[in-house]
Amino acid sequence: MSHPFECKYGYFSDDGREYCITTPFTPRPWGNIISNGDYSLMISQNGSGYSWRGNAGQNRITRSFQDLIKDNWGKYLYIRDRKSGAFWSATFKPVMHPYEDFLVVHSIGYSRFIQVIEGIRSELTVFIAPDAPVELMQLTLTNLGEDTRELDVTSYAEWALGFAPDEHREFHKLFIDTSTDFTLNAVFARKYLWGFPDEHGRYNNINWPYTAFMAVSEPLVSFDCDKESFLGMYRSEEHPAAMDAQHLSGRVGRFHDAIAALQVAVSLAPQQSKTVVFTLGAAEDEKEDAAALIRRFTSVEASRQTLQAVHDFWSRFVDGEHVETPDPALNFMTNYWLKYQAISCRLWGKSAFYQVSAGYGYRDQLQDSQIFLVGDPSFARKQLLMHAAQQFIEGDVLHWWFSIRGGGPRTNCSDDLLWLPFILDAYLKETADYAILDEAVPYLNAPAEPLYDHCKRAIERAFSRFSPRGIPLMGDHDWNDGLNAVGTLLKGESFWVAEFLYVILGNFIPLARRRGDECFARRCEDVRVSLKDALNRFGWDGEWYLQATTDAGLPLGSHENDEGKIFLMPNIWAIISGMAEGERTRKVVDSITRYLLKDYGTLLNYPAFTKPRPDVGYVTRYAPGLRENGGVYTHAATWSVWAYTLAGEPERAYEAYHKICPPNRSADIDTYKAEPYVTPGNVDGPQSEYYGRGGWTWYTGSAQWLHRVATHWILGIRPQEEGLLVDPSIPAEWDGFTVRRRFRSAEYEIHVRNPEHVHRGVKSLVVDGKPLESNLIPVFADGQKHVVEVVLGRKE
């Protein structure tokens, strides 16, 4: 029996909620990023990874260094037969013992590792408590043989405790103090150093304000807190000295390279199973008690209850919307993995295998927060207000900021500040929560003002940065950070920002009028007219739109350029914004399709740069075909789906979607290499030696947008102020689809039938048995379920 999207390395479960990996030798680490919004961990199919709290750069709990080739840093469990001396690990790493059976399951909020080695079946489930800074490692051992087995289980993790990476380890280890408590079956770690200054500005003069711990549910046989005695000099985790000794050395205190290693005994009669639970966490001083957390979670029953709580916790965010279409890849990603990736990794964990982040990007997590809108819009609301607080009274914002103690770069980036009103519009269409506009939020350098004024100041700041031709200035860069030399002298222009601002003004004008701000509404209208005129006068290159002009006035993204001749962003957004009309729209669509829509998605530009251009920026310094330099930059590629839909090209839209939907790459997985269950940041373009290779998975803004273009533009269920608009743009071969989603305190079950096999066009719409003349389902807000029957076709 075949499984969904099965490849040589794994497959999806039938419902798509789990991904099952059948070998440790995936072409890249295939992992899981698990977070509860505060405490996070990453773990690969080999069991490697690390833990952090708040963010992975300023508050790392366990050590790791980025190495996707070796994948050899982790928190490991060793299993040893005390009679034979044979030992292995509960995950493939670090021991890499030959196995009789192997399966890893990554899913929503947990990972499970199943192995059969030396006649012992081990099942390790790793997860994080939804409401506490504690991770649990639930290990169940089963004796498959006919003889009683005497085993021991030994944990191992290296403490970091603060800033990471701790490259000067010989310095950092001098400040860590470890201790043990046999009554709690636990070891503890404190650090008398954190990288922040004290209240007088003196660096290296405050404690790390947490107590880290590792505990186990069985009585301790022995323990160790010293890396040297555990591993042995010049040895490794694959065969540590501890596995050659009867017991761990019991070293503890302030004079070692600090680790946490706990050893317990397990006796198994034939066919008997036993579960052992290890916990690891970090309790904040004066707010949490490490001992209380250990007692609360470190038992078999507590572990089982906590795992059920994990399922319930994630259901809140994942199960508020469910789609059923003829495309299982779209179903699996839309229903589960895109929501989970965007929330657990991008918004909460803020780190992954390819990138360690210490905070929030202003534009990044604002966009990502749209993923909350169906499940729990209050989280999107919180994100909007959080970002508004990173704005200056002048209207500009921090490009990013640290999530612990704040602070970040104030730049002349031309698009950051505009994402606040853009995402506000999406939030209002979903919720109609106009009260948020009156929420008072302080500026970084001024007292609080209503959120409406924050958005208005951002727009006014953008108005102040126009070229003499009426095009927004590029500044330090626009959405494409790699264009960081185009406009730093504040002369270069961004035609994409012109289109982005045009969209924002179109949304903000009715909002201003709703507030009685007629003067500003008229000003926005005037600027909008001017923008459209200027873009079409100065930005049109004959067959497509320019990306930019440099500080020296040279065009970028023009037929005059040998490299970087055409860019995706200004052309798809010319369609999204409505600034391209008539014949120009057709030419733009044809140019995108001809030059940019390739085998694995829509390229960000073409052809790639092969030599650096100091007047353009670091995008030209990537190898050709990588990331923003002629690769499929997935974030932007999702917007090409949106643009094709608006241009009346539903088959092209679906083609662009299908090519970047990860499960579909299971068919050529050795080319793709990346996890087929989460979106990559990029796929190598045609000028790369590895054309079609995925990379930069998990920590990418493409997850939320791939979800949104599927639900809003292919399936066409779009929130409006007055209700839910039904406007599908689907492959004609589909018989139909179903969407169940919450909307303003009611549940909508929408059944779409396509008997005439058309791409679009609503022929009839019936709500709760009553026909409607329009394709706008009204707002009920009554806590009830409403059944909607939609028939596509041509109206007679």
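In which order do the three strands of the open antiparallel sheet lie? Here are my notes, with that sheet taken up in point 2.

1. Ground rules. This is a predicted model, in which local features need pLDDT of at least 70 and side-chain atom pairs count only at pLDDT 80 or more, while totals for chains, interfaces and linings use all residues. Residues are numbered from 1 along each chain as its sequence is written, and side-chain values use heavy atoms, with hydrogens and water left out.

2. The three-stranded sheet. The order is S25-S26-S27, and the pairing is antiparallel. Strands here are DSSP runs of E with at least two residues, helices are DSSP runs of H or I with at least four residues, and both are numbered from the N terminus. Two strands count as paired if DSSP finds at least two bridges between them. Strand S25 (493-494) and strand S27 (555-556) are the edge strands, each pairing on one side only. S25 and strand S26 (residues 548-549) run antiparallel and are joined by two bridges; glutamate 493 has threonine 549 in S26 as its bridge partner.

3. The overall picture. You will find 18 helices and 42 strands in the protein chain. The C-alpha trace spans about 80 × 65 × 55 Å along its principal axes. The radius of gyration of the protein chain is 28 Å, which agrees with the value near 28 Å for a compact globule of 796 residues. That radius is taken over C-alpha atoms, and the globule rule is 2.2 Å times the number of residues to the power 0.38.

4. The six-stranded sheet. This open sheet has the order S20-S37-S38-S42-S39-S40, with mixed pairing. Its edge strands are strand S20 (321-324) and strand S40 (770-772), each pairing on one side only. From one strand to the next the twist averages 20°. Axes are lines fitted to C-alpha atoms, for helices over the stretch in contact, and angles run from 0 to 180 degrees between N-to-C directions.

5. Strand S42 and its two partners. Strand S38 (residues 747-753) pairs with strand S42 (residues 785-792) in the parallel sense, over seven bridges. Within S42, glutamate 789 is the residue opposite histidine 751. Strand S39 (residues 762-767) pairs with S42 in the antiparallel sense, over five bridges. For serine 764, the bridge partner in S42 is valine 791, and valine 767 stands opposite valine 788 in S42.

6. Helices H16 and H18. Helix H16 (residues 650-660) packs with helix H18 (residues 702-714) at an angle of about 155°, their axes being 11 Å apart. H16 is therefore roughly antiparallel to H18 (angles under 35 degrees count as roughly parallel, over 145 as roughly antiparallel, 65 to 115 as roughly perpendicular and the rest as oblique). H16 passes H18 in a left-handed crossing, the term for a near helix turned anticlockwise from the far one by less than a right angle. Tyr654, Tyr657 and Ile660 of H16 make the contact with Leu706, Val709, Ala710 and Ile714 of H18; contact means heavy atoms within 4.5 Å. Ala, Val, Leu, Ile, Met, Phe, Trp, Tyr, Cys and Pro count as nonpolar, Asp, Glu, Lys and Arg as charged, and the others, Gly among them, as polar.

7. Helices H10 and H12. Helix H10 (residues 451-463) and helix H12 (residues 518-538) pack with their axes 12 Å apart, at an angle of about 35°. Their crossing is left-handed. On the H10 side are Tyr452, Lys456, Ile459, Glu460 and Phe463, which meet Phe520, Arg523, Cys524 and Val527 in H12. The contact divides into six nonpolar, no polar and three charged residues.

8. Backbone details to look at. Lysine 93 and proline 94 are joined by a cis peptide bond, with omega about 5°; proline 94 lies in the loop between strand S8 (87-89) and strand S9 (101-107). Another cis peptide bond runs from alanine 164 to proline 165, with omega near -5°, and proline 165 is in the loop between strand S13 (149-162) and helix H1 (169-172). Leucine 161, found in strand S13, has a positive phi of about 65° although it is not a glycine.

9. Glutamate 284. This residue sits in strand S19 (residues 273-284). Glutamate 284 and tyrosine 210 are 74 residues apart in sequence, yet 4.4 Å apart in space, C-alpha to C-alpha. Leaving aside neighbours within four places in sequence, glutamate 284 is in contact with Arg53, Pro209 and Tyr210.
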